[in-house]
Amino acid sequence: MEDTLRRVEELLQQEKLLEAARLLRDMPVSSSSLSESHRKVVQKAEIIEHAVADLLSSPQDDWKRQGGQSGDFTVYYKVDDGARLTCRIESPIPASLLVPLLSVLNESSLYQTWIPFFHRPFHMGVSSSKQLLNDSRGHQVI
């Protein structure tokens, strides 16, 4: 068990949260026996896994397709309770562009310089963005 916990800590240092959570789940102890920090790792992993499963699944009834398909991408949206708008853009990208794309998305302070905006029929766009939380690589609240 000590070896497993040591491996979990190594994975967390490498920001491999999902792999660390899998090891914690496979341990022959109840979740109540885990430390508070390890329970938080498992909880965070569950949220991430749910989000990934949602994004990898086909858009279901709650997603609405925006207009027709434009070239190689399709835009979907849904409005959750509390009027939160969630957008989903599906588009194939070459593997060589994955890291550059993720790098651009990680530069949240620059969103207003490249995210499209329009003024008609109403104003929509990003005029500024503020990073509220950045607790690990690729995880931020804006």
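Where is Glu 15 found?

Guide: The model is a predicted one, in which local features require pLDDT of at least 70 and side-chain atom pairs pLDDT 80 or more, while totals for chains, interfaces and linings use all residues. Residues are numbered from 1 along each chain as its sequence is written, and side-chain values rest on heavy atoms, with hydrogens and water left out.

Glu 15 lies in the loop between α1 and α2; helices here are DSSP runs of H or I with at least four residues, strands are runs of E with at least two, and both are numbered from the N terminus. Most residues other than glycine have a negative phi. Glu 15 is not a glycine, yet its phi is positive, at about 60 degrees. Its relative accessibility is 39%, so Glu 15 counts as partly exposed (buried is under 20%, exposed over 50%, and partly exposed in between, with a 1.4 Å probe and protein chains only).

The axes of α1 (residues 2-13) and α2 (residues 17-26) come within 8 Å and cross at roughly 165 degrees; axes are lines fitted to C-alpha atoms over the stretch in contact, and angles between N-to-C directions run from 0 to 180 degrees. The two helices are therefore roughly antiparallel, a term for angles over 145 degrees, whereas under 35 is roughly parallel, 65 to 115 roughly perpendicular and the rest oblique. The crossing of α1 over α2 is left-handed, that is, the near helix is turned anticlockwise from the far one by less than a right angle. Residues in contact include Leu 5, Val 8 and Leu 12 of α1, together with Leu 17, Ala 20 and Leu 24 of α2; contact means heavy atoms within 4.5 Å.

For comparison, consider a residue in a strand. Lys 78 belongs to β2 (residues 74-80). With a relative accessible area of 12%, Lys 78 is buried. Leaving aside residues up to four places away in sequence, Lys 78 touches Asp 54, Asp 62, Trp 63, Arg 84, Leu 85 and Thr 86. One of these, Trp 63, has the charged end of Arg 88 over its ring, 5.6 Å from the centre (NZ of Lys or CZ of Arg must be within 6 Å of the ring centre and within 35 degrees of the ring normal).
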